[in-house]
Amino acid sequence: MGLETSSKRYAKALIGYGVEKDNLDILFSEFSSLIQTLEDSDDLVSFIQNPTISKDIKQKVLDELISENLPNSSIIINLLSQNNRLDMLLDVCKGFIKQYNVHKDIVEVTVTTPIETVSYTHLTLPTKRIV
C-alpha cells in the first residue's frame, strides 16, 4: 500500500472519529497548527523521518511538544507510533484537512485580481447552483 493511500485512510478514520466524538472542528484547528509546526521546522521533520531513532523516542518527544497546546492530536501520534508510521504524520494531517473540507463542503479557491486585495482566510459566499 502506498504512502498516499495509507495517509488517506488514516485521515478518513480521523474524520469518522471527530464526527463520533463531536470534536471535528477542534481536530481541524489542532491539525492545522500541527501542519504549520511541522512545515516550519525542518529539524523536527528530519527527526520524525529518521529511521535510526526508535518510535518510542519519537512518540515521547512529540507528546511533550504537543500535549499542552494540542491535546487532541495525540490520538494520531499514538496510532501512527503503534503502527511504526510516524513518518506519515504530515501527510496524514494534510489528508485530514482535505477530508475535512470535503465533509464541510468547503472549497479552496485562488482569486487573481489586477489590484491588491485584503486576505480572507474564511469567506462565506452565497451558494448558487449552476445548471
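In this predicted model, helix α3, spanning residues 42-49, packs against helix α4, spanning residues 55-66, at an angle of about 145°. The axes of α3 and α4 lie 9 Å apart. Two packed helices are described by the angle between their axes and the distance between the axes. The crossing in which α3 passes α4 is left-handed.

The residues that form this contact can be named on each side. Helix α3 contributes L44, F47, I48 and Q49, while helix α4 contributes I57, K58, V61, L62 and L65.

Q59 counts as buried because its relative accessibility is 19%, and buried means under 20% relative accessible area. Leaving aside residues up to four places away in sequence, Q59 is in contact with I77, N78, S81 and L86.

When residues up to four places away in sequence are not counted, V19 touches L24 and H103. Along the chain, V19 and H103 are 84 residues apart, and their C-alpha atoms are separated by 10.0 Å.

Conventions: Residues are numbered from 1 along each chain as its sequence is written. This is a predicted model: local features need pLDDT of at least 70, side-chain atom pairs count only at pLDDT 80 or more; totals for chains, interfaces and linings use all residues. Side-chain values use heavy atoms; hydrogens and water are left out. Axes are lines fitted to C-alpha atoms, for helices over the stretch in contact, and angles run from 0 to 180 degrees between N-to-C directions. Helices (H or I, at least four residues) and strands (E, at least two) are DSSP runs, numbered from the N terminus. A crossing is left-handed if the near helix is turned anticlockwise from the far one by less than a right angle, and right-handed if clockwise. Contact means heavy atoms within 4.5 Å. Buried means under 20% relative accessible area, exposed over 50%, partly exposed in between (1.4 Å probe, protein chains only).
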